Amino acid sequence: MNTNIILSGVGGQGILTIAAALDTAALIENLNIKQSEVHGMSQRGGAVQSHVRISDKEIFSDLIPEGKADLILSVEPMELLRYMPFLKKKGWIITDSKPFINTANYPDQEQIYDQIKKHPNHVIVNATDLAKEIGNSKMANMVLLGAASHIIPLSEESLVKSINKLFKHKSEKLIRLNVEAFYKGKEVASNYNKANFI
Amino acid sequence: MKSLLLGNEALAQGAIDAGLSGVYAYPGTPSTEITEYIQRSKTAKELQIHTTWSVNEKTAMESALGMSYVGKRSMVVMKHVGLNVASDVFMNMSVSGVNGGLVVVVADDPSMHSSQNEQDSRFYGKFAMIPILEPANQQEAYDLMFYAFDFSEELKLPVLLRMVTRLSHSRAGITLKSRKKQNDIALPADTSRFALIPMNARKQFDKLINKKSLLVEYASNSGLNQLKISEEKSLGIIACGIAYNYVMENISDNDAFYSILKISQYPLPKKMIKRLYEHCDKIIVIEEGYPIVEELLHNYFDDNDKIKGKLSEDIPLTGELNPNIVAQALGIHKRGSKTVPNIVASRPPQLCEGCGHTDLFNTINELIPEIGDKNVFGDIGCYALGSLPPLNTINTLIDMGASITMAKGAADAGMKNAIAVIGDSTFTHSGMTGLLDAVYENSPITVIISDNSAIAMTGAQESTAVGRLHNICLGIGVKPDHLKTMIPLKKNHDSNVELLRGELQYKGVSVIISERPCVRLSRDQKEEIKSKIASLS
């Protein structure tokens, strides 16, 4: 087993919460993990990414080679496209539909969606809106993790356990809502263009 | 379950477990999390390990040396350019030697993710003639700390441990060992080696020179450098530190095929290199940073064609390595077939929404039509982003503290209305001495200290400047009439512009402290700062 996941977004959007959930779930399953992240200047509203590698064998490189990512999971649609060279031919791309516009030449949204749809294995989720309905738009991360859970070779049990662990210092309500967000994402992705999914 | 740690955190935990008594550091990406981890560690608190930030890398390293002098294990941590600041003590403590184990951890930043250059700290280690360790992965970063401290005490030399951004900021599961006891106080038997008057320094320098062959011997026998010879002779690989991972990423399916020398300890194990060189028709050196090993190989063998690497342009001379670059260098072509769609726009970093620096820049920009658009000297920190559009306020960024001294030099040359913009922590790090230069000559410059009460760029760490700026400036000799304060808020824009205009007209040193806390500070941090200021006044 060997899975490569690229997480992408804009500094401050919190992709590292998704990374932490994946890391912990992998360790629960006794798998090897390497996860690189971006600290420093780019965190100030710049493009950020995290490479997550999970395997039952020794992992060498902290970075995923081009053309080797099984999944790009993005909290922002344009940021997803930035990492396309890393995607495997039959890899999956999953993104929140909501753009984060903090740059003058941000492209037309429809053009972004068109580019994403060119790739057969895609899922576009309105994760921020769904998270807002559940209680807090910040939980979009967990909606996206849920949406990707079909692709990630970690059990649902480990992922949920990991979410519990991640928020263990927060209120019980917040933990419950994050788990709810995860399941919401899972459900939405399952119903997304089913013929094409999995 | 293994502990999930960043490379920086693994190293920090390794230091704690190896009997550390104090870490000294100034924040700097990619090194910051090492000290922060020890600051948060319960064990470190119980053991009363010193963790408070220092004013700069030089004061940090000197304090670490002081702790080593009394026999305890100390560590000093910085980013690569921080070693320039600390280079005075660094070069001299290799001559004096140390007493308790002293490890200098320097995190290099190839690709300049958060830096102004790509300097390779291994050159400094070589320059100071001390051992260098270079972990390839997180577990090695943890394990090497034990070896580093023992080795430092055995040789009575500081040990340089080189990290790179990618290892510093990547997580993995780590297996921990049992913790060693801290050293008791044990002063050096003879203190004269720490008193580097020429007659002592000459003796010490001879000793240092004579240790060289011993260091090479250690590098061959410690087990950290590993040579594997296989039958195939076409290509031998030398892989240093993290580069080993990129090599193995590409050849692990077929690694019996290649002869490989994995380097994690310097000076280089010459005999191992010789064996590999004689066995193979071609040698490729894969190293993160400058081609330092490749150059040494050219010195050893004087055979330009056989040695490949960055100098031979098989690997780019700039930027960090990655698995694709290394694949290409090894003649294995693996690339993705997809490209980035051309609609994707670049997204450079920018100042946070509601940041006080932005309001300060808007104030300065109001006066740019009057004073010219090349007069603002900047410094290191978030406010360096003021050099980018849409603000375009700042013209220069060179090193910590250079805003004030460059403005002074420009004013000496006849520039009118020279402005320096410097953060509170950068000011106490390296700005104060330059301000004294300017005050001494009453140079016509206007210094704006953009005080956000934090070391913001690296994650809002505590700034030693908090509550002290006003008195520092008066103490240095800034005239009270020209030491002003402003609050950079939209509602104060007009009065701030007038204040700045007024000070620009003064033909001497003015300092304006522009005060507004960083938006990234938590409520608790803001409260702490308030009580600190109250306790100082």
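**Exercise 1. Two helices crossing in chain A**

Task: Work out in which hand H4(A) passes H7(A), and whether the two helices are oblique or perpendicular to each other.

Solution: 
- Step 1. Look at the crossing in this predicted model. H4(A) passes H7(A) in a right-handed crossing.
- Step 2. Find the geometry. Helix H4 covers residues 127-134 of chain A and helix H7 covers residues 172-190 of chain A; their axes are 10 Å apart, at an angle of about 135°.
- Step 3. Classify the angle. Values over 145 degrees would count as roughly antiparallel, and those from 65 to 115 as roughly perpendicular. H4(A) and H7(A) are therefore oblique to each other.
- Step 4. See who touches whom. H4(A) brings A:Ala127, A:Leu130, A:Ala131 and A:Ile134, while H7(A) brings A:Leu177, A:Glu180, A:Ala181, A:Lys184, A:Gly185 and A:Val188.
- Step 5. Sort these residues by class: 7 are nonpolar, 1 is polar and 2 are charged.

**Exercise 2. Where chain A meets chain B**

Task: Find how many residues of each chain are in contact, and which element of chain A supplies the largest share of its side.

Solution: 
- Step 1. Count the residues: 43 of chain A are in contact with 42 of chain B.
- Step 2. List the elements of chain A that each give at least two residues to this side: helix H1 (15-28), strand S2 (32-36), helix H2 (77-82), strand S5 (87-96) and helix H3 (109-117).
- Step 3. Pick out the largest share, which is the 5 residues from S2(A).
- Step 4. Check the classes. The side of chain A that touches chain B has 18 nonpolar, 17 polar and 8 charged residues.
- Step 5. Follow S2(A) across to the other chain. Strand S7 (residues 170-174) of chain B runs antiparallel to S2(A), and 3 bridges join them. A:Gln35 has B:Arg171 as its bridge partner in S7(B).
- Step 6. Look up the confidence. The predictor gives the complex an ipTM of 0.94 and a pTM of 0.96, and chain B has a mean pLDDT of 96.

**Exercise 3. A mixed sheet in chain B**

Task: Trace the sheet of 6 strands in chain B and say which strands stand at its edges.

Solution: 
- Step 1. Read the order, S2-S3-S4-S6-S5-S11. The sheet is open and its pairing is mixed.
- Step 2. Go to the ends. Strand S2 (20-25) and strand S11 (265-266) of chain B each have a single partner strand, so one side of each is left without a neighbour in the sheet.
- Step 3. Zoom in on one pair. Strand S5 (residues 132-133) of chain B runs parallel to strand S6 (residues 159-164) of chain B, with 2 bridges between them. B:Ile132 has B:Leu160 as its bridge partner.

**Exercise 4. A parallel sheet in chain B**

Solution: 
- Step 1. The order is S14-S15-S16-S18-S17 in an open sheet with parallel pairing.
- Step 2. Strand S14 (376-377) and strand S17 (483-486) of chain B are the edge strands, as each pairs on one side only.
- Step 3. Inside the order, S15(B) and S16(B) pair over 6 bridges. One bridge links B:Ile419 with B:Thr446.
- Step 4. Helix H16 (residues 356-371) of chain B lies across S14, S15, S16 and S18, running at about 160° to S16(B).

Key. Residues are numbered from 1 along each chain as its sequence is written. Chains are lettered from A and ligands numbered from 1 in the order in which they are written. This is a predicted model: local features need pLDDT of at least 70, side-chain atom pairs count only at pLDDT 80 or more; totals for chains, interfaces and linings use all residues. Axes are lines fitted to C-alpha atoms, for helices over the stretch in contact, and angles run from 0 to 180 degrees between N-to-C directions. Helices (H or I, at least four residues) and strands (E, at least two) are DSSP runs, numbered from the N terminus. Angles under 35 degrees count as roughly parallel, over 145 as roughly antiparallel, 65 to 115 as roughly perpendicular and the rest as oblique. A crossing is left-handed if the near helix is turned anticlockwise from the far one by less than a right angle, and right-handed if clockwise. Two residues are in contact if their C-beta atoms, placed from the backbone, lie within 7 Å. Ala, Val, Leu, Ile, Met, Phe, Trp, Tyr, Cys and Pro count as nonpolar, Asp, Glu, Lys and Arg as charged, and the others, Gly among them, as polar. pLDDT is the predictor's confidence in each residue, from 0 to 100. Two strands pair if DSSP finds at least two bridges between them.
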